[in-house]
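Hi,

Here is the structure I said I would pass on.

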Amino acid sequence: MLGGLHRRPALLLVLAIAISCNLPTPAPSSPTPSSAVIAPAAAAFDAAKAKAHVDYLADPARGGRYSGSAGYRDAAMYVADRFREIGLEPLGDNGTYFQHFTMPLVDLTAMSTLTGSGGKTYRPRVDFTETVGGRAGGGTAEAGITVVGGAARSGGVNDFAGANVRGKIALVTGPTAPNGGSSVENAYQEGAIGVLLVGGATLRYSFGPRFQSETIPALIVNEDVANQLLAVAGQSLSTTQELVRAHRADPSAPASAFDIATTVRISVSLTPVHDVDAMNVVGLLRAPDPNNTQRAVLVGGHLDGVGTDPDGSVFQAANDNASGPAVTIEVARALAAVRSSLNHSIVFVAFAGEEEGFYGSDAYVAQMATIPGRVESLVAVLNLDVIGCCSDTLIVSNDAPDLQRRVRDSATRLGVASQGTGSGGSDQTSFVRRRVPAVLIGFAEYLLHVYADKPSVVQEARLGKAGNVVTAVARELATAP
């Protein structure tokens with residue numbers, strides 16, 4: 001999933017301050033029915049096999065499955081082999097399962113660093129992490145700190161008032177302001193040479209490979225680090241945020257920006273942006289009636305992860321998102337067993353390039369020319385992301401309200417709790433842009449983009465719950481007139 005952290009509230013805090021994106025906050029859940037639960041569809045989903053797929057795809061040997069990497073290619077070959085053994089037709093290039101495309105990529109060349117006064121060093125992925133993309137790029141900055149609240153500078157709000165951030169490192173403490181724009185961009189426009197944002201620091205955010213012509217390094221620091229820095233000025237995170245709120249409410253109140261009499265050094269080392277050969281894995285379960293095969297349902301999820309850090313630490317990416325292709329494979333196996341009942345074909349896809357901004361699903365939309373399969377032939381898209389951990393409540397996005405309702409109704413019939421969530425945040429977005437009904441299906445709480453996202457966190461029982469729902473919905477869609 002584009003963005004990332006293991007709990008939704010922390011994720012929303014960081015991403016509202018920084019430049020990434022994620023799934024919106026869920027709506028209230030529907031309770032699991034207390035009456036007798038209807039049995040899963042006759043098309044049986046094999047949760048044990050799905051868990052075995054997660055174990056393989058998220059093994060450290062895959063190196064975190066960064067798009068274009070050897071580990072990703074190994075994982076893609078594994079998915080293609082499963083599609084082949086199930087009997088899916090190859091729907092990729094030149095009679096293969098692989099749909100190749102070129103995408104830009106950027107990566108770290110060394111672990112980012114944060115050094116405080118007196119040479120104090122902070123720990124990457126514990127005390128801080130980097131944000132990359134847009135105005136936030138590589139480089140080194142060493143300077144004093146100016147605290148700038150939420151870094152808002154529009155709509156009558158100016159969090160920079162009271163201090164001069166030019167030539168300094170901006171510390172963005174929050175709170176954010178409505179329509180406040182990018183904190184990093186605003187700090188740059190005010191003359192900052194680097195940015196520290198307060199938020200979750202244990203993850204590796206998706207690296208956006210598109211940059212402004214000039215960039216500055218930007219790190220996300222945790223609350224403990226922020227409080228250590230603010231203590232030099234006799235402040236804390238909570239008192240600083242109260243100053244910001246007071247000044248926004250009453251411009252005559254004391255300005256909320258101020259300098260800290262300390263120097264920090266930040267460094268982010270990046271490769272140049274470069275093109276890589278990436279590939280989706282695509283298979284087709286064709287409806288049996290040759291006169292009724294022009295329409296299709298698409299089921300899939302992204303296969304890529306965020307790779308390996310320069311110190312060798314692997315983001316195994318089990319829940320985000322080995323779980324999606326693992327469930328996709330076993331939905332394909334279950335529905336292949338009832339192929340004779342299908343009125344529409346079903347396309348199964350493992351996408352690359354989701355973490356960098358939906359490059360794989362965009363490539364599918366742009367390149368797929370086969371019917372069934374091409375975007376005009378699709379009746380619905382079920383996008384599976386973070387679907388193996390860490391809740392018993394499914395989330396279903398509201399990108400397509402009628403389809404969302406269908407998924408949630410199926411979940412209720414199968415005794416699985418569900419709740420709605422907002423739109424965007426994953427590969428269904430590429431299809432929604434082309435007016436195809438598409439939703440994301442996942443679990444309400446999740447791990448992603450952290451070292452702890454290992455196969456052990458993905459539970460067979462949860463894969464089974466999700467798999468039964470997806471199988472039932474896909475079959476219902478594919479058997480409709």
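Below is what I found in it, going from the whole chain down to single residues.

A word on the ground rules first. This is a predicted model, so to speak: local features need pLDDT of at least 70, side-chain atom pairs count only at pLDDT 80 or more, and totals for chains, interfaces and linings use all residues. Residues are numbered from 1 along each chain as its sequence is written, and side-chain values use heavy atoms, with hydrogens and water left out.

**The whole protein**

The protein has 11 helices and 19 strands; these are DSSP runs numbered from the N terminus, with helices being H or I of at least four residues and strands being E of at least two. Its radius of gyration is 23 Å, close to the 23 Å that the globule rule gives for 481 residues, so the protein is as compact as a globular protein of that length. (That radius is taken over C-alpha atoms, and the rule is 2.2 Å times the number of residues to the power 0.38.) The C-alpha trace spans about 75 × 45 × 35 Å along its principal axes.

Of the 481 residues, 58% count as buried, where buried means under 20% relative accessible area, exposed over 50%, and partly exposed in between (1.4 Å probe, protein chains only). Contact here means heavy atoms within 4.5 Å. Among contacts between residues at least 6 apart in sequence, 82% join residues at least 24 apart.

E130 sits in strand β5 (residues 128-130) and is buried, at 1% relative accessible area. Its side chain makes polar contacts with the side chains of S112, at 2.7 Å, and R125, at 2.6 Å. A polar contact is a pair of N or O atoms within 3.5 Å; within protein, one must be able to donate a hydrogen and the other to accept it, and residues adjacent in sequence count only if both atoms are side-chain atoms. Setting aside neighbours within four places in sequence, E130 is in contact with several residues, including L108, Y205, F207 and V268.

R204 lies in the loop between β9 (194-198) and β10 (211-216). Is R204 buried or exposed? R204 is buried, with a relative accessible area of 1%. The R204 side chain has a polar contact of 2.6 Å with the side chain of D107 and another, of 3.2 Å, with that of D309. Not counting residues up to four places away in sequence, R204 touches a list of residues, among them Y66, L108, R125, F315 and H449. L108 and R125 are also on the contact list of E130.

**Helix α8**

Next, find helix α8 (residues 359-367), whose buried residues are Y359, G360, S361, A363, Y364 and V365. What do the buried residues of α8 pack against? They pack against the strands β3 (98-105), β13 (274-285), β14 (296-302), β15 (345-351) and β16 (378-384), and against helix α10 (428-432).

The peptide bond from I371 to P372 is cis, with omega near 0 degrees, and P372 is in the loop between α8 and β16. Another cis bond runs from C389 to C390, with omega near 5 degrees; C390 is in the loop between β16 and β17 (393-397).

A151 has a positive phi near 60 degrees, lies in the loop between β7 (139-147) and β8, and counts as buried at 0% relative accessibility. R435 is not a glycine either, and its phi is positive at about 65 degrees. R435 is in the loop between α10 and β19 (438-443) and, at 79% relative accessibility, counts as exposed.

A177 is in the loop between β8 (169-172) and α4 (183-189). A177 is buried, at 16% relative accessible area, and beyond its neighbours within four places in sequence it is in contact with A152 and R248.

Cheers
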